[in-house]
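Subject: Structure handover

Hello,

Here is the structure I promised to pass on. My notes follow below it.

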Amino acid sequence: MKILVTGAAGFIGMHVAIRLLERGDEVVGVDNINDYYDIKLKYDRLEQIKHFSKFRFLKHDISDTPAMETLFSQEKFQSVVNLAAQPGVRYSLQNPHAYISSNIVDLPIFWKVAVTTTWDIWSMQAVQASMAPIPICHFLCIRTLTIRSAFMQRQRRHAN
């Protein structure tokens with residue numbers, strides 16, 4: 001299975017990517033490598049993954065719509081694990097604009113690109129407890145369930 005893992009240079013993203021690679025999946029990791037914490041730590045994590053032949057890393061920001069449209073159209077992912085987020089509740093108080101931009105504004109931009117492509121499976125993982133307004137969370141959850149439900153119905157029809 002070909003899987004996109006966003007936030008691949010993060011602690012959880014790296015471990016998810018490794019687990020998927022160990023089970024034999026092809027993984028494309030995406031991360032913007034922002035400087036919220038030590039960039040060297042992020043690159044060190046990517047070093048732990050790069051020896052897998054089925055892993056590729058791309059430095060992209062998920063809010064870069066043209067880059068994401070190109071990525072999705074070229075790669076034809078079967079599944080997506082979205083772990084990209086701006087962590088840190090304290091940081092959100094110190095720099096609310098970066099936190100809101102990353103966790104609230106950018107996420108729907110990414111999902112809009114993602115849901116307009118064709119995949120067989122769509123999954124979403126949330127890392128941080130987002131302070132997103134209810135309508136945004138509601139949109140993402142309903143959209144995820146709608147696409148997953150449509151896939152399951154299609155699978156059942158093809159199995160019979």
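Lys-76 is exposed, with a relative accessible area of 52%. Buried here means under 20% relative accessible area, exposed over 50%, and partly exposed in between, using a 1.4 Å probe and protein chains only. Lys-76 sits in the loop between helix H3 (65–75) and S4. Its phi is near 55 degrees, a positive value in a residue other than glycine. Most residues other than glycine have a negative phi.

Ile-33 also has a positive phi, near 50 degrees. Ile-33 belongs to the loop between S2 and H2. Is Ile-33 buried or exposed? Ile-33 is buried, with a relative accessible area of 5%.

A word on the basis. This is a predicted model, with local features needing pLDDT of at least 70, side-chain atom pairs counting only at pLDDT 80 or more, and totals for chains, interfaces and linings using all residues. Residues are numbered from 1 along each chain as its sequence is written, and side-chain values use heavy atoms, with hydrogens and water left out.

Now the overall fold. The chain has six helices and four strands. Helices (H or I, at least four residues) and strands (E, at least two) are DSSP runs, numbered from the N terminus. Along the sequence the pattern reads β-α-β-α-β-α-β-α-α-α. Of the 160 residues, 38% count as buried. Take the contacts between residues at least 6 apart in sequence: 73% of them join residues at least 24 apart. Contact means heavy atoms within 4.5 Å.

Next, the sheet. Four strands form an open sheet in the order S3-S2-S1-S4, and the pairing is parallel. Two strands pair if DSSP finds at least two bridges between them. S3 and strand S4 (79–82) are the edge strands, each pairing on one side only. Neighbouring strands of this sheet are turned by 20 degrees against each other on average, direction ignored. Axes are lines fitted to C-alpha atoms, for helices over the stretch in contact, and angles run from 0 to 180 degrees between N-to-C directions.

Strand S1 (residues 2–6) pairs with S2 in the parallel sense over five bridges. Thr-6 has Val-30 as its bridge partner in S2. S2 also pairs with strand S3 (residues 55–59), in the parallel sense and over five bridges. Here Val-28 stands opposite Arg-56, and Val-27 has Phe-55 as its bridge partner. Why is S2 (residues 26–31) largely enclosed by the rest of the structure? Because five of its six residues are buried.

S1, helix H1 (residues 11–22) and S2 make a right-handed β-α-β unit. S2, helix H2 (residues 39–49) and S3 make another right-handed β-α-β unit. Right-handed means that, with the strands pointing away from the viewer, the path from the first strand over the helix to the second runs clockwise.

On to the helix pair. The axes of H1 and H2 come within 10 Å and cross at roughly 5 degrees. H1 and H2 are therefore roughly parallel to each other. Angles under 35 degrees count as roughly parallel, over 145 as roughly antiparallel, 65 to 115 as roughly perpendicular, and the rest as oblique. From H1, Phe-11, Met-14, Ala-17, Ile-18 and Leu-21 meet Arg-45, Gln-48 and Ile-49 of H2.

Last, the cores. A nonpolar core is a set of buried Ala, Val, Leu, Ile, Met, Phe, Trp, Tyr and Cys residues joined through side-chain atoms within 4.5 Å. The largest has 17 residues, of which Val-5, Leu-21, Val-27, Leu-46, Ile-49, Phe-52 and Phe-55 touch the most other members. S1, H1 and H2 each supply at least two residues of this core. H1 gives the most, with five residues. Apart from this core lies another, of 14 residues, among them Val-28, Phe-77, Val-80 and Val-113.

Leaving aside neighbours within four places in sequence, Phe-55 is in contact with Ala-17, Leu-21, Val-27, Gly-29, Leu-46, Ile-49 and Lys-50.

Best wishes
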